[in-house]
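Visitor: I would like a close look at a single part of this model. Please keep the answer brisk and connected.

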Amino acid sequence: MDGATTQWDWKIIRAGEFRLDGGSMFGIIPKALWSRWAGADEANRVRLQTNCLLLEDGAGHLVLIETGYGNKFDAKNRSIFALEDRWIGPALAEVGIDCASITDVVLTHLHFDHAGGLTHLMADSSEAVPTFPNATIHCQRREWEDALANRSTMSKTYLRDHLDPVTDQMKFIEGEGEPVPGIVVMPAPGHTWGQQAVMFQDAQGQVVFAGDVMPTANHVGLPANMGYDMEPYTNMCTKRDLLARAAAEGWRLVLDHEPGSAVVRVECVDGVQGGYRLIPATG
Ligand SMILES: [Zn+2]
């Protein structure tokens, strides 16, 4: 099938809720503002979801975009991040999908809350094994190299037990590419240097999943970048370009960590900080 005309059937698979420090999630935004937008729990954390996408083209490709945090964290880390007792394996089983039938996994980047589900622990075992044994796994070569070198301000987000067991399944992209016919990726730097956005078409038009460029609807303002971003200014520029194109070309965006309505359209608004407003849309 010609990639340019592939119309995908897709759905959001929620691979588990978690919480991160609100100050880190909103960078330079004062708590007086972000706590009004997102709420804060007793530990100053905000609620987040791991939204993954399952795509089917009817021509033999069953594609997963992102994998969530997986099932390998110990009790201490589960508590720090308030990890819901849920991960991508059971989440796919709920919709009748066997992990062995996934043909391709596309990752925006390799932080723990995106790549953690690539491997999992079997019952009564401490060895991490591939979750999608028959899949080709796609990410940017730069992202993989940065992950293996642990080039990050966060020392514990690129975790080798998420990555080493799938080394032989990896296929790398450099810059723009089409890792699966009808799924286009393009660089989206800022959060990491090697992050990529993932784009595809459905019957309604273009859908774009841009990873942590704009993790929740509360990050629509241009100054709302994360303390976790390697280059916040670069992320702001990437986000500005993404919002401008989404508004001009009628894209639907899927927000990776939005716990509420994760599919949105973008509207220009004069006089509003950042200049854009998100309108909930249907998948
Ligand atoms: Zn993330």
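Which residues are the protein donors of the zinc ion, and which atoms do they use?

Guide: A word of caution to begin: this is a predicted model. The zinc ion has these protein donors: D113 through OD, H114 through NE2, D212 through OD and H257 through NE2. They lie 2.1 to 2.2 Å from the metal.

Look at the geometry next. The angles subtended by the four donor atoms run from 80 to 164°. Four donors count as tetrahedral if all angles lie between 85 and 135 degrees. For reference, the ideal angle for four tetrahedral donors is 109.5 degrees.

Now follow the donors along the chain. Their spacing reads D-H-x97-D-x44-H. Take H114 and D212, which link distant parts of the chain. H114 sits in helix α5, residues 112-115. D212 sits in the loop between β12 (205-209) and α8 (232-249). The two are 98 residues apart. Both H114 and D212 are buried.

The structure holds eight aromatic pairs. One of them joins W10 and F200. Their ring centres are 5.7 Å apart and their planes meet at 75°, so this pair is edge-to-face. W10 belongs to strand β1 (residues 9-21) and F200 to strand β11 (residues 196-202), so the pair ties together parts 190 residues apart in sequence. Both W10 and F200 are buried.

A pair formed by F81 and F112 is tilted, with 5.0 Å from centre to centre and 35° between the planes. F112 lies in helix α5, and F81 in the loop between α3 (75-80) and α4 (88-94), so this pair bridges parts 31 residues apart in sequence. F81 and F112 are both buried. They also belong to one aromatic cluster, together with F18, Y69 and F73.

Finally, step back to the whole protein. Its secondary structure comes to eight helices and 15 strands. The radius of gyration is 18 Å, close to the 19 Å from the globule rule for 283 residues, so the protein is as compact as a globular protein of that length. Buried residues make up 53% of the 283. Among contacts between residues at least 6 apart in sequence, 67% join residues at least 24 apart.

Definitions and conventions:
Residues numbered from 1 in each chain as written. Predicted model: local features only at pLDDT ≥ 70, side-chain atom pairs only at ≥ 80, totals over all residues. Heavy atoms only, no water. Donors = N, O, S within 2.8 Å, 3.2 Å for Na, K, Ca; no water. Tetrahedral: all angles 85-135°; square planar, octahedral: opposite > 155°, others 65-115°. Helix = DSSP H or I, 4+ residues; strand = E, 2+ residues; numbered from the N terminus. Buried < 20%, exposed > 50% of the residue type's maximum accessible area, 1.4 Å probe, protein only. Rg over C-alpha atoms; globule rule 2.2 N^0.38 Å. Contact = heavy atoms within 4.5 Å. Phe/Tyr/Trp six-rings, centres within 6.5 Å; stacked < 30°, edge-to-face > 60°.
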